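Here is a short note for your review. Please read the points beside the model.

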Amino acid sequence: MNCKDAKYLESVMSAQSQKTRVIAITSGKGGVGKTNIAANLAICLAASNKKVVLFDADLGLGNIDVIMNINSRYNLTQVISGQKELHEIINIAHAGVDVICAGSGIAELANINQFQLQRLIDELEELENNTDILIIDTGAGISNTVMNFCTAADNVLVVTTPEPTAMTDAYAMIKVLAARNFDGRISLVVNMANSIPEGKRIYRQVADVAMRFLNLPVYEAGIICKNDQVTKSVKSRKPVVLNYPKAKVTSEIAAMAARLSRNQTPMKKKNSFFKRVVNCFF
Ligand SMILES: Nc1ncnc2c1ncn2[C@@H]1O[C@H](COP(=O)(O)OP(=O)(O)OP(=O)(O)O)[C@@H](O)[C@H]1O
Ligand SMILES: [Mg+2]
């Protein structure tokens with residue numbers, strides 16, 4: 001292969017890896033609804049004919065498996081240790097969404113050699129190349145691990161509730177993203193709002209403060225009102241959009257998915273998402 005051919009192939013390959021859009025769902029305060037939003041958004045996006053992978057990056061504490069009612073016996077830990085191949089730990093959940101649990105795997109990256117690391121990155125990159133949308137459910141708070149996943153994403157959805165503590169923690173998260181020079185799109189989800197106007201007001205408050213003090217635009221991802229159907233669905237281990245397809249909450253989540261699909265998030269140019277994440281850890 002001559003130099004020109006090699007260059008062309010490289011551009012085709014990088015265009016391939018860029019087609020995957022990575023959305024990280026995070027929050028400052030815990031228990032604000034990230035995992036429910038991640039699971040239900042994934043199902044809505046998959047219903048619009050997108051190949052969606054849901055990655056549970058809440059290391060050690062993840063519970064997407066509970067909400068999606070899957071039996072995730074294996075996670076990335078076994079892939080890192082070489083006991084399993086990546087395809088063996090992928091769970092096929094509702095609407096054809098693929099679910100991968102990180103387990104405590106990422107913490108073990110520090111203990112593997114260069115060859116094992118490269119094998120892992122290769123496998124994750126192959127998965128990424130076959131995916132339209134990768135949704136990352138992170139843990140709460142501004143730990144290094146959470147921030148590494150968020151800064152590597154194209155779009156970060158910060159979830160808050162109308163509680164003042166959740167709002168200040170959401171702002172703290174946005175501030176850390178700014179301090180890390182996050183160059184993607186930051187959007188706010190107001191969950192458990194008592195009404196849509198209240199949710200809009202909360203959104204505006206956070207977005208105004210971010211613009212005033214950080215000079216950073218924070219977009220509106222959507223408002224989801226507080227309702228019993230979410231809690232009932234968690235108890236029955238069936239995502240609310242499938243359990244109550246005609247409910248108001250389902251249309252609120254579907255509207256958020258449609259809005260996300262429409263927005264042209266600037267895609268990160270260099271490297272695949274997983275390579276960017278792994279690079280952050282070293
Ligand atoms: N819109 C809503 N209305 C009512 N209850 C809700 C709503 N969204 C989430 N919940 C409830 O809030 C609880 C926490 O939700 P979830 O586990 O999704 O939060 P989380 O942010 O992922 O938590 P963690 O920080 O522990 O990962 C769940 O029990 C769920 O039933
Ligand atoms: Mg969670």
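Which side chain is joined to that of Thr-77 by a polar contact? The side chain of Asn-75 is, at 2.5 Å. A polar contact is a pair of N or O atoms within 3.5 Å; within protein, one must be able to donate a hydrogen and the other to accept it, and residues adjacent in sequence count only if both atoms are side-chain atoms.

1. Basis. This is a predicted model, where local features need pLDDT of at least 70, side-chain atom pairs count only at pLDDT 80 or more, and totals for chains, interfaces and linings use all residues. Residues are numbered from 1 along each chain as its sequence is written, and side-chain values use heavy atoms, without hydrogens and water.

2. Thr-77. Helix α4 (residues 76-80) holds Thr-77. Helices are DSSP runs of H or I with at least four residues, and strands are runs of E with at least two. Thr-77 has a relative accessible area of 15%, so it is buried (under 20%, 1.4 Å probe, protein chains only).

3. Asp-56. This residue lies in strand β2 (residues 52-56). Asp-56 is buried yet has no salt bridge (a side-chain nitrogen of Lys or Arg within 4 Å of a carboxyl oxygen of Asp or Glu). Lys-34, the nearest side chain of opposite charge, is 10.0 Å away. A polar atom of the Asp-56 side chain lies 3.4 Å from the backbone nitrogen of Asn-63.

4. Helix α5. A side-chain oxygen of Asn-113 lies 3.1 Å from the backbone nitrogen of Phe-115, capping the N-terminal end of α5. Buried residues of α5 include Leu-117, Leu-120, Glu-123 and Glu-128.

Methods
Chains lettered and ligands numbered in written order. Buried < 20%, exposed > 50% of the residue type's maximum accessible area, 1.4 Å probe, protein only. Lys, Arg positive; Asp, Glu negative; His and termini not counted.
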